[in-house]
Amino acid sequence: MSSDTMKFNGYLRVRIGEAVGLQPTRWSLRHSLFKKGYQLLDPYLTVSVDQVRVGQTSTKQKTNKPTYNEEFCANVTDGGHLELAVFHETPLGYDHFVANCTLQFHELLRTAGASDTFEGWVSRL
């Protein structure tokens with residue numbers, strides 16, 4: 001990120017509504033009997049600012065279209081980007097990565113224009 005890129009300083013409030021069309025990765029299917037079929041996930045979503053986790057949703061069982069309606073808040077200093085990542089919770093070992101989305105704060109602030117706040121729907125995952 002260049003030095004002239006706008007950083008975010010302030011109070012961040014993120015509401016996670018839902019995720020749609022989630023699919024397991026090939027890696028998560030490596031031990032599955034349902035490799036060619038449809039597999040439901042146990043997804044949860046993490047919210048991070050510049051690789052520092054500020055929240056995690058609850059896990060929704062057996063769905064590829066989870067609804068969360070959960071909100072996370074954090075005070076941010078010199079924030080560069082917001083990352084949303086979806087994982088499949090597994091009973092043993094590490095949880096499996098499913099999808100992620102990175103939003104640059106300077107892009108959101110540019111969209112906000114002269115306003116002090118950005119409020120909008122972001123559909124990227």
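This is a predicted model: local features need pLDDT of at least 70, side-chain atom pairs count only at pLDDT 80 or more; totals for chains, interfaces and linings use all residues.
**A walk through the nonpolar core**

Let's start in the middle of things: the largest nonpolar core has 22 residues, and the members touching the most other members are Leu12, Ile16, Val47 and Leu82.

Setting aside neighbours within four places in sequence, Ile16 is in contact with Leu45, Val47, Thr57, Tyr68, Asn69, Glu70, Phe72 and Leu84.

Now hop over to strand E5, which spans residues 81–88 and holds Ala85. Is Ala85 buried or exposed? Its relative accessibility is 5%, so Ala85 counts as buried, the cut-off being under 20%. And what does Ala85 contact once neighbours within four places in sequence are left out? The answer is Tyr44, Leu45, Thr46, Ala99 and Asn100. Leu45 shows up here and also in the contact list of Ile16. As for Tyr44, 41 residues separate it from Ala85 in sequence, while their C-alpha atoms sit 8.4 Å apart in space.

Last stop: helix H1, where you'll find His106. With a relative accessible area of 18%, His106 is buried, because the label applies to anything under 20%. Beyond its neighbours within four places in sequence, His106 is in contact with Thr5 and Met6.

Note on methods: Residues are numbered from 1 along each chain as its sequence is written. Side-chain values use heavy atoms; hydrogens and water are left out. Helices (H or I, at least four residues) and strands (E, at least two) are DSSP runs, numbered from the N terminus. Buried means under 20% relative accessible area, exposed over 50%, partly exposed in between (1.4 Å probe, protein chains only). Contact means heavy atoms within 4.5 Å. A nonpolar core is a set of buried Ala, Val, Leu, Ile, Met, Phe, Trp, Tyr and Cys residues joined through side-chain atoms within 4.5 Å.
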